[in-house]
Amino acid sequence: MTAHATAGDDTALLPGIKPVLELLEKSPARVDLLLLKKGLRTRETSRMLDICRTAGVRFSLVEGPALDRLCPPRGADGKGPRTAHQGVIARLTAAEFTDLPDLLDAVATAPLPVLVALDQVQDPGNVGTLARTLYALGGAGLILPRHNAAYLGPGARRTAAGALERLPIARVPNLARALDTCEEAGLTIYGTGMDPHSLNIYAEALQLPAVIVLGNEDKGLRPGVAKRCSRLAHIPMPREFDSLNVAQAGAILLGLTASRIIK
């Protein structure tokens with residue numbers, strides 16, 4: 001079983017019916033996304049879809065040319081071109097994941113008893129930078145939604161500079177419910193944004209242990225996620241400016257919080 005990268009991207013891909021099915025049967029958590037050619041119906045592909053539905057692995061039915069672009073055709077024995085992917089490509093995860101209860105257990109012993117939850121943050125560079133900051137400052141770990149989150153591939157790993165291999169990360173099927181679980185475990189849930197009662201992060205410290213929830217680069221927090229936050233926190237800006245990058249905002253929130261407890 002050999003994974004390789006696409007020509008235009010350094011995403012790790014695993015093509016072929018047999019290797020993809022074997023990986024799904026043994027370690028479905030290692031598959032970030034299954035791409036399956038439309039109209040391809042075999043016993044093996046049916047088994048793949050069953051595993052995906054049971055294990056919560058994302059899958060997408062795509063046209064053959066889209067798969068060819070990811071894994072270009074190659075010649076074989078002089079019989080003309082054939083595709084290496086056989087109508088099936090798996091995009092692999094590039095990070096190990098932990099269960100949410102184990103992540104919550106780690107909060108008590110972390111130098112900075114803070115988790116960061118990302119609500120559909122799409123840019124791998126932002127996720128990698130946040131992971132690097134969180135790990136360096138002693139944070140307990142990262143919570144990501146299973147769907148509509150940045151791919152933790154080589155791009156995220158480059159900006160994380162090794163943090164993604166060291167920082168505990170939980171990938172959850174429903175972020176709002178995961179925040180409920182965090183609150184039940186005694187963590188205060190802070191969202192980022194402005195309302196009449198939002199916390200000025202320069203003037204008031206976060207109540208720890210806590211979860212800091214950062215929203216999508218363009219849309220911010222989804223309403224269902226924002227409702228789970230006990231309070232919103234904001235970063236005052238003396239100069240008129242639209243907003244900070246999500247990685248910059250997260251770094252400021254984490255840095256100020258760490259400065260108050262870590263000497």
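Student: What share of the contacts in the protein between residues at least 6 apart in sequence join residues at least 24 apart?

Tutor: With contact meaning heavy atoms within 4.5 Å, that share is 76%. This is a predicted model, in which local features need pLDDT of at least 70 and side-chain atom pairs count only at pLDDT 80 or more, while totals for chains, interfaces and linings use all residues. Residues are numbered from 1 along each chain as its sequence is written, and side-chain values use heavy atoms, with hydrogens and water left out.

Student: Why is helix 1 called roughly parallel to helix 2?

Tutor: Helix 1 (residues 17-26) and helix 2 (residues 43-55) pack at an angle of about 30°, with their axes 10 Å apart. Angles under 35 degrees count as roughly parallel, and therefore helix 1 is roughly parallel to helix 2.

Student: What makes up the contact of helix 1 with helix 2, by class?

Tutor: Ile-17, Val-20, Leu-21, Leu-24 and Glu-25 in helix 1 meet Glu-44, Arg-47, Met-48, Ile-51 and Cys-52 in helix 2. By class, this contact has seven nonpolar, no polar and three charged residues, where Val, Leu, Ile, Met and Cys are among those counted as nonpolar and Glu and Arg among the charged.

Student: How do you know that the buried residues of helix 4 lie on the same side?

Tutor: In helix 4 (residues 100-107), Leu-100, Leu-103, Leu-104 and Val-107 are buried, that is, under 20% relative accessible area with a 1.4 Å probe and protein chains only. They cover an arc of only 100° around the axis, so they are on the same side of helix 4. On the other side, Pro-101 and Asp-105 are exposed, which requires over 50%.

Terms used
Helices (H or I, at least four residues) and strands (E, at least two) are DSSP runs, numbered from the N terminus. The arc is that of the directions from the helix axis to the C-beta atoms. Axes are lines fitted to C-alpha atoms, for helices over the stretch in contact, and angles run from 0 to 180 degrees between N-to-C directions. Angles under 35 degrees count as roughly parallel, over 145 as roughly antiparallel, 65 to 115 as roughly perpendicular and the rest as oblique.
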